[in-house]
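I opened this notebook to keep track of what I looked up, one topic at a time. The entries below follow the order in which I went through the model.

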Amino acid sequence: MPPKKAAAPEKKTLLGRPSNNLYVGIVGMPNVGKSSLFNTLTRCDLGKVANFPYATIEPEETRVPVPDPRFDWLCDLYKPSSKVPAVLTCVDIAGLTKGASTGAGLGNNFLANVRAVDGIFQVVRAFDDADVIHVEGDVDPIRDMEIIRDELRLKDIEWVSKKHDAVKKSLRGATGTANLADKAKKEELDCLTKVLDHLENGGKDVRKGEWTSKEILFINDLMLLTAKPVIYLANLSERDYVRKKNKWLPKIKQWIDENNPGDLLIPFSVALEERMLQEFEDDNVRVEEFTKLGTQGQLGKIMVAGYQALNLIRYFTCGPQEVRAWTIREGTKAPQAAGVIHTDFEKHFICGDIMNFDDLKEYGSETAVKAAGKLQQKGKPYEMVDGDIAHWKHNA
């Protein structure tokens, strides 16, 4: 008899909402440059910039294009009437202060707004400016990061403890004779106990834990603050950013490596980004001006990092009428990817004609890709790959 096929490895469930429409929040202490970053990313003045705490109260949000050279290349090839890039929704959130987990300042509103987003851009102030006050009295990014870490973790502990007590109270039995509902509650209780131990005794954020797929399903329902991916953005002065030297940067990097290893740190200067946007309207001219200074802008890198941290990928639909990037989550199957365009495409899905961007770029045209046998027909089990170019067939 032929040997049995090895069992396919179990696909790990991802932390976070299983959605294509995800949000990233701009988080930090007051007066660190959050609203200024929001305004430069969005090229508007929705974010309330002021030299006092809590200038931002109600969160502002907007959709920001995510740069992708593949999208630009496809637009040059097809010369479409309409160009629609991938976007990421950014939310400007009020500054957090010490004691937020117990309601100090705008604590309750702040933490509710953080809970509503899916990822975090944590802005860390690493510039000195006597004209810009700091709510703690002086500039110390390490202290600021520890305050935010502690406040988010304390709120998670509070939420998980309440849930743990409620499930424990409702649990009628956990023996082998218990019904299915009780068994499910017992599994949930065990997961909650493990999460509490990780937060309280392990002293680590939930996103840094080792969880089974079933545990991740329970955790996702909790929408915990420390389960969200974090990208640290160190806001430097123009001078420090251009000369690539700042006394706080090595300490910030060391703190991240010790407390949240693997999290990304991106140094940038919101003052420089703002000035470049005000002085030079054309994107290409702005790139040249950054180059003259011996550096480059970081807004595009920040958006790409946020997109990737949320496990988002994109596929393209192309033609003379429109080139469009469609955002989907990593691991999305073909019918669900088609459903992002229209739910009927998923409901009445037949198949998809799929080619990879690299193949199209190599061969130069769809006709040449077909002739080389690189255009493939994919059915319902197909898992989309970042950069796929798709033409869907359906009987809607």
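Entry 1: I began with Asp190 and Lys186, which both lie in helix 5, four residues apart, or about one turn of the helix; helices here are DSSP runs of H or I with at least four residues, strands are runs of E with at least two, and both are numbered from the N terminus. The side chains of Asp190 and Lys186 meet in a salt bridge at 2.9 Å, N to O, where the term requires a side-chain nitrogen of Lys or Arg within 4 Å of a carboxyl oxygen of Asp or Glu. I noted that Asp190 counts as partly exposed because its relative accessibility is 39%, and that Lys186, at 29%, is partly exposed as well. For these words I used a 1.4 Å probe on protein chains only, with buried meaning under 20% relative accessible area, exposed over 50%, and partly exposed in between.

**Entry 2: ground rules.** This is a predicted model, in which local features need pLDDT of at least 70 and side-chain atom pairs count only at pLDDT 80 or more, while totals for chains, interfaces and linings use all residues. Residues are numbered from 1 along each chain as its sequence is written, and side-chain values use heavy atoms, with hydrogens and water left out.

**Entry 3: the chain as a whole.** I counted 15 helices and twelve strands in the chain, and found that buried residues make up 48% of its 396 residues. Among contacts between residues at least 6 apart in sequence, 72% join residues at least 24 apart, a contact being heavy atoms within 4.5 Å.

**Entry 4: salt bridges across the sequence.** Glu238 is partly exposed at a relative accessible area of 26%, and Arg275 is partly exposed at 28%.
Lys393 forms a salt bridge with Asp353, the closest N and O atoms being 3.3 Å apart. Here strand 12 (residues 388-394) supplies Lys393 and strand 10 (residues 349-356) supplies Asp353, 40 residues apart.

**Entry 5: helix 5 against helix 6.** Helix 5 (residues 180-200) and helix 6 (residues 213-222) pack at an angle of about 75°, with their axes 10 Å apart; the axes are lines fitted to C-alpha atoms over the stretch in contact, and angles run from 0 to 180 degrees between N-to-C directions. Helix 5 is therefore roughly perpendicular to helix 6, a label for 65 to 115 degrees, with under 35 being roughly parallel, over 145 roughly antiparallel and the rest oblique. Residues of helix 5 in this contact include Ala184, Glu187 and Cys191, and they meet a set in helix 6 that includes Lys214, Phe218 and Leu222. By class, the contact has seven nonpolar, no polar and five charged residues; Ala, Val, Leu, Ile, Met, Phe, Trp, Tyr, Cys and Pro count as nonpolar, Asp, Glu, Lys and Arg as charged, and the others, Gly among them, as polar.

**Entry 6: helix 1, helix 11 and Met303.** Helix 1 (residues 34-42) and helix 11 (residues 299-309) pack at about 95°, with their axes 10 Å apart, so helix 1 is roughly perpendicular to helix 11. Leu37, Thr40 and Leu41 of helix 1 make the contact with Leu299, Ile302 and Met303 of helix 11; by class it has five nonpolar, one polar and no charged residues.
Met303 is buried at a relative accessible area of 2%. Not counting residues up to four places away in sequence, Met303 touches Leu41, Val64, Pro65, Val66, Pro67, Leu88, Cys90 and Phe121. Met303 and Pro67 are 236 residues apart in sequence, yet 7.6 Å apart in space, C-alpha to C-alpha.
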